[in-house]
Amino acid sequence: MAKILIIDDEEILRQLMEHVLSGDGHETITAEDGVAGIVLAKSDAPDLIISDMSMPKMTGLDMVKALKADPTTKDIPIIALTAHATADDRAAAFDAGISTYEEKPLDMARLKKHIAELIG
């Protein structure tokens, strides 16, 4: 299965995703903000990143831009999570380099479908 990096400042949501995805056989690692997420993406080389877009220290959008600008992380698919799903927000996230977008509240079945599509 895949190594998945989960980045979200909401501990309950991180734990939920970690529990469900590890139960499906994935290896999960977690971070509570974009700065820590970048460090883990570079050191642990995940197959996929699931990241909130609204976080302290560094927004998810800025984190995605930084990861996509780095040759060591630019090819990692990223699923963006957000409660702010305006057309402009979606466009900015796709322009930054996300692979797909998932709105909160989180639908785990739909998230699993996105994961399967991105990592096979």
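Leaving aside its neighbours within four places in sequence, Ile-98 is in contact (heavy atoms within 4.5 Å) with Val-64, Ile-78, Ala-80 and Ala-93. This is a predicted model, in which local features need pLDDT of at least 70 and side-chain atom pairs count only at pLDDT 80 or more, while totals for chains, interfaces and linings use all residues. Residues are numbered from 1 along each chain as its sequence is written, and side-chain values use heavy atoms, with hydrogens and water left out.

Ile-98 also belongs to the largest nonpolar core, which has 19 residues and in which Ile-7, Ile-49, Val-64, Leu-67 and Ile-98 have the most contacts. A nonpolar core is here a set of buried Ala, Val, Leu, Ile, Met, Phe, Trp, Tyr and Cys residues joined through side-chain atoms within 4.5 Å, and buried means under 20% relative accessible area, with exposed over 50% and partly exposed in between (1.4 Å probe, protein chains only). Two or more residues of this core come from each of β1, β2 (27-31), α2 (34-44), α3, β4 and α4 (87-96), and α3 gives the most, with 3 residues. Apart from this core lies another, of 15 residues, among them Met-17, Leu-21, Leu-106 and Met-108.

The helices (H or I, at least four residues) and strands (E, at least two) are DSSP runs, numbered from the N terminus. An open sheet of 5 strands has the order β2-β1-β3-β4-β5 with parallel pairing, where two strands pair if DSSP finds at least two bridges between them. The edge strands β2 and β5 each pair on one side only.

Strand β3 (residues 48-52) is mostly covered, since 5 of its 5 residues are buried: Leu-48, Ile-50 and Asp-52 lie on one side, and Ile-49 and Ser-51 on the other. Its partners across the bridges include the following.

| Residue in β3 | Opposite residue |
|---|---|
| Leu-48 | Ile-4 |
| Ile-50 | Ile-6 |

The chain crosses from β3 through helix α3 (residues 60-69) to β4 in a right-handed β-α-β crossover, a term which means that, with the strands pointing away from the viewer, the path from the first strand over the helix to the second runs clockwise.

Thr-100 has its place in strand β5 (residues 100-103), and Thr-100 counts as buried because its relative accessible area is 14%. Leaving aside neighbours within four places in sequence, Thr-100 is in contact with Ile-78, Ile-79, Ala-80, Phe-94, His-114 and Leu-118.
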